[in-house]
Amino acid sequence: MFKNLGKLFLVKPEALSEVEKEFYRELSFENFIFFKEHFEGDFKDYLSSLRQSLRNYKFLAVDQEGGRVCRIKGDFESPLEIVKRAKLKGKEIFRNWAGKIAETLKNYELNLNLAPVVDREDKEAPEFLKERTFGINPKDITAYAEIFIEEHKKRGVKICLKHFPGLYEVKIDPHKELPLKEKISEEDIYPFKTLSAKADFIMTTHLLIPALDNKRPFTFSEKGIAFLRRETEFKGAILTDDLSMGALKDYPLIERIIYAILSGHNLLVYCGSYKDLMEALFEEKKEFEKSGLLKEKIRESLTILERY
């Protein structure tokens with residue numbers, strides 16, 4: 001089971017040294033996420049080098065939301081701005097925008113966009129969500145997200161709804177600290193529930209919700225994942241947000257990994273150093289090999305991921 005553990009990760013590759021590539025091969029890593037620095041040189045050469053060093057590759061992902069969250073350079077308006085224009089001039093404007101984003105990923109041979117953001121927020125959104133949403137009305141969000149999904153699927157690019165269960169009215173940036181949300185509203189989860197049958201993936205967020213689980217953040221909460229499955233009837237793979245974010249800084253890396261797997265997450269996003277990840281996994285190799293519960297959870301996740 002340990003030699004297949006890498007299949008449960010979506011990681012950010014680095015300089016592709018021989019040690020790094022051997023690590024990916026040894027634990028069967030096959031899912032990768034790319035950032036701006038990867039596109040500053042010849043990305044296709046870099047991607048070719050990565051592919052040649054692997055036994056297999058599956059998901060090649062990027063955050064290409066539009067606006068300020070664009071890893072690939074281009075003239076892409078922000079989601080909130082394009083929705084404003086579409087409401088004035090027609091949804092075809094939005095469809096063209098979404099299609100252009102999807103086409104960009106296809107041209108770079110990427111097959112997963114970690115978008116759209118279906119959190120509820122308007123122009124008063126905190127900085128970490130500013131301009132990244134489709135607005136505050138859950139029905140509007142759903143309608144525009146559906147178009148976004150359609151345009152990606154036309155081009156063979158998968159999508160991921162984020163950030164369940166919604167960051168509306170959360171003021172603390174999970175990139176820095178662990179936020180608290182008192183309760184989950186029906187309006188917050190409406191887009192996830194309505195679009196779950198069309199979504200390829202759903203990403204959760206680092207958030208403490210005492211009404212649901214007063215001990216662990218949503219990322220580590222079995223109650224939270226059970227709630228997601230029950231409310232949305234989603235059968236696909238559930239992603240964590242980046243496990244290297246500041247919200248989880250009080251937990252050692254290996255605890256973040258183990259708790260996320262045990263909670264029922266199927267794919268773990270990790271954008272930190274591969275050396276830190278390698279050290280954490282190999283230090284706890286025996287735990288992964290002997291724990292019946294970890295083996296069961298890993299097996300469940302591999303089964304779900306094999307459906308893609």
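How many nonpolar, polar and charged residues does the lining of the largest pocket have? I noted first that this is a predicted model, in which local features need pLDDT of at least 70, side-chain atom pairs count only at pLDDT 80 or more, and totals for chains, interfaces and linings use all residues. Residues are numbered from 1 along each chain as its sequence is written, and side-chain values use heavy atoms, with hydrogens and water left out.

Entry on the largest pocket. I took a pocket as an open set of points on a 1 Å grid over the protein atoms alone, where a 1.4 Å probe fits, with protein on both sides within 12 Å along at least five of seven lines, and lining residues as those with an atom within 4 Å of a point. I found 12 nonpolar, 3 polar and 9 charged residues in the lining of the largest pocket, and its space is about 370 Å³. Of the 24 lining residues, Arg 71, Arg 132, His 175, Asp 241 and Met 245 lie nearest the centre.

Entry on the second largest pocket. I read about 160 Å³ for its space, and its lining has 4 nonpolar, 2 polar and 6 charged residues. Helix α8 gives the largest share of this lining, 3 residues.

Entry on Ile 257. I located Ile 257 in helix α8, residues 253-263 (helices are DSSP runs of H or I, at least four residues). Ile 257 is buried, at 0% relative accessible area (buried means under 20%, with a 1.4 Å probe and protein chains only). Leaving aside neighbours within four places in sequence, I listed its contacts (heavy atoms within 4.5 Å) as Phe 9, Leu 243, Leu 268, Leu 277, Leu 281 and Phe 288.

Definitions and conventions: Helices (H or I, at least four residues) and strands (E, at least two) are DSSP runs, numbered from the N terminus. Buried means under 20% relative accessible area, exposed over 50%, partly exposed in between (1.4 Å probe, protein chains only). Grid points are joined across faces, edges and corners, and a volume is the space filled by probe spheres set on the points. Ala, Val, Leu, Ile, Met, Phe, Trp, Tyr, Cys and Pro count as nonpolar, Asp, Glu, Lys and Arg as charged, and the others, Gly among them, as polar.
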